[in-house]
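Dear colleague,

I am handing over the structure below, and I would be grateful if you could look through it with the notes that follow at your side.

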Amino acid sequence: MVNLELYRIFTVVADEENLTKASQILHISQPAVTKHIKNLENELQIELFRRNRYGMELTEAGRNLYSQIKESITLLNNIDKQFKGNRNINLGSHVTMLSRMFGNCISQYYKENPNSQINVTNETFNDMLLMLENQKLDIVLSKKVSEEIYNTKKIQFISLGFLHDIFVINTNSRLIGKTLSKNDLINETIYTPKKTSLTSIRLMENLGLMGKEVENIKHITYTTMLGILKNEDSIGIITKEYIKDELEEKKLTILQTDFEFEPLEFGIYINIENRFSELQDLIKVMKEEFIKKQL
């Protein structure tokens with residue numbers, strides 16, 4: 001029986017003349033591409049490629065095969081796209097991270113995949129990882145956590161970059177031009193995200209308040225926090241990348257302190273078994289979107 005997938009892989013390698021580029025297009029590993037090409041050569045009992053200093057070069061037999069099947073493979077690829085349809089993506093994320101940082105890339109993804117749908121789930125991080133492991137989710141967008149809390153044999157972390165937690169105030173604050181110490185901050189009312197967020201946990205650890213109930217630490221939603229900070233002389237702690245627009249438009253400003261939080265790596269968690277093209281398209285536009293935000 002003819003294995004059409006081997007011929008499809010062969011044509012991609014022939015087009016790209018490079019195994020790395022071909023593996024990226026095919027969404028499979030480079031060793032897997034090499035193995036498939038070898039299997040096809042074994043079936044046909046001919047050598048299809050020669051390696052050169054630039055990549056992969058078709059042999060005479062390879063060029064002959066390519067000329068005979070290229071048109072047919074292109075036709076089959078087009079038929080496959082037309083009738084297979086697009087696969088939906090189940091995405092888990094903190095709502096603020098998704099809306100504040102990746103709203104544009106979701107729109108871009110829909111332009112490229114108009115028949116696909118992204119279904120968003122907002123659960124606790126541990127619950128989302130469990131759903132990812134059981135393939136009830138396809139992707140989770142989150143800050144990086146220790147590998148000890150998830151199954152690295154099933155879940156892969158793909159880094160996108162780093163996030164930075166900062167203290168912010170409004171541009172008319174009495175604290176403009178001042179540098180506050182940890183002791184100063186303990187005596188101030190500080191608005192933070194929910195108790196279980198890494199931002200809140202790191203604040204409590206830095207101020208030596210972990211495990212204590214402190215009246216002047218107020219846990220609220222990001223939307224409520226931004227409303228308060230814009231209209232009241234208050235302090236908030238928030239991820240800098242979430243409020244890029246507010247800082248550039250000078251609606252808020254950074255409060256100076258005598259210490260800083262370590263940057264937090266963040267990115268994408270996927271189930272290793274999930275390599276379908278729509279998911280790869282979403283990951284690609286997310287990477288491109290975060291690069292833009294760093295410019």
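In which loop is the place of Q45? Q45 sits in the loop between α3 (30-44) and β1, where helices (H or I, at least four residues) and strands (E, at least two) are DSSP runs numbered from the N terminus.

Before going further, please keep in mind that this is a predicted model, in which local features need pLDDT of at least 70 and side-chain atom pairs count only at pLDDT 80 or more, while totals for chains, interfaces and linings use all residues. Residues are numbered from 1 along each chain as its sequence is written, and side-chain values use heavy atoms, with hydrogens and water left out.

Backbone and loops

Q45 has a positive phi of about 60 degrees although it is not a glycine, and at 73% relative accessibility Q45 counts as exposed; here buried means under 20% relative accessible area, exposed over 50% and partly exposed in between, with a 1.4 Å probe and protein chains only. E17, which is not a glycine either, has a positive phi of about 55 degrees and is placed in the loop between α1 and α2 (19-26). With a relative accessible area of 48%, E17 is partly exposed.

Aromatic rings

A search of the whole structure finds eleven aromatic pairs, a pair being rings of Phe, Tyr and Trp (its six-membered ring) whose centres lie within 6.5 Å, with planes under 30 degrees apart counted as stacked, over 60 as edge-to-face and the rest as tilted. One of them joins F10 and F49, whose ring centres are 5.6 Å apart and whose planes stand at 55 degrees, so the pair is tilted. Because F10 lies in helix α1 (residues 4-16) and F49 in strand β1 (residues 49-52), this pair ties together parts that are 39 residues apart in sequence. Both F10 and F49 are buried. Y109 and Y110 also form a tilted pair, at 5.9 Å centre to centre and 55 degrees between the planes; Y109 counts as buried at 0% relative accessibility, whereas Y110 counts as partly exposed at 28%. Ring pairs also link F125, Y150, F157 and Y269 into a cluster.

The second largest pocket

The elements that give two or more residues to its lining are α6, β5 (139-143) and α8 (198-206). The lining residues divide into ten nonpolar, nine polar and three charged, where Ala, Val, Leu, Ile, Met, Phe, Trp, Tyr, Cys and Pro count as nonpolar, Asp, Glu, Lys and Arg as charged, and the others, Gly among them, as polar.

Polar contacts

D127 lies in helix α6 (residues 125-133), and its side chain makes a polar contact with the side chain of T124 (3.0 Å); such a contact is a pair of N or O atoms within 3.5 Å, and within protein one must be able to donate a hydrogen and the other to accept it, while residues adjacent in sequence count only if both atoms are side-chain atoms. At 38% relative accessibility, D127 counts as partly exposed. N271, in strand β14 (residues 264-271), counts as buried at 2% relative accessibility, and its side chain reaches the backbone oxygen of E133 at 3.3 Å.

With kind regards
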